[in-house]
Amino acid sequence: MKSIYRIEAITLPVSDVDRAKAFYEQAGFHLDLDTNLPGGMRVVQFTPEGSDCSITFGIGFPQAEPGSYVNTYLVVPDIEIAHAELKERGVDVTDIYHWSEVGQTPGVDPQRGDYGSYVSFADPDGNSWLVQEVPSRAKSA
């Protein structure tokens with residue numbers, strides 16, 4: 001029998017826990033936990049809609065420099081819907097783009113293939129997220 005390894009959560013470095021919490025609530029992530037532990041430790045955990053992996057941040061545990069995470073990936077089945085939802089929630093998100101023979105090109109990938117279209121945004125600390133369209137990973141409802 002083989003073990004199954006899954007990434008369940010990543011620790012995201014932030015400088016202001018309450019500001020980060022407000023941002024991820026605004027972005028539509030689900031708040032799983034916000035708890036204070038003995039010794040001044042605080043743990044906040046969010047899960048993006050439909051994700052099996054969560055983000056965790058807080059006070060009192062080791063972390064990288066706030067804002068140092070670059071291009072943490074979010075995978076969506078439809079980039080246009082994701083882009084509209086982020087804008088609707090007030091997240092400062094880039095326009096949709098894809099890569100072509102001339103480089104980064106505005107608009108969705110004409111083929112609408114896996115890993116073809118992108119948007120990006122950053123949290124208040126500058127941790128950046130790259131949202132990529134992967135239609136083949138769409139979960140059936």
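Student: What volume does the largest pocket have?
Tutor: The model is predicted, so local features need pLDDT of at least 70 and side-chain atom pairs count only at pLDDT 80 or more, whereas totals for chains, interfaces and linings use all residues. Residues are numbered from 1 along each chain as its sequence is written, and side-chain values use heavy atoms, with hydrogens and water left out. A pocket here is an open set of points on a 1 Å grid over the protein atoms alone, where a 1.4 Å probe fits, with protein on both sides within 12 Å along at least five of seven lines. With the volume taken as the space filled by probe spheres set on the points, the largest pocket comes to about 1,000 Å³.

Student: Which element gives the largest share of the lining of that largest pocket?
Tutor: The lining (residues with an atom within 4 Å of a point) has 31 residues, and Pro48, Glu49, Gly50, Val75 and Val76 lie nearest the pocket's centre. Two or more lining residues come from each of β4, β5, α2 and β9, these being DSSP runs (helices H or I, at least four residues; strands E, at least two). The largest share, five residues, belongs to β5.

Student: Which glycine follows α2?
Tutor: The residue in question has a positive phi, near 85 degrees. It is glycine 90.
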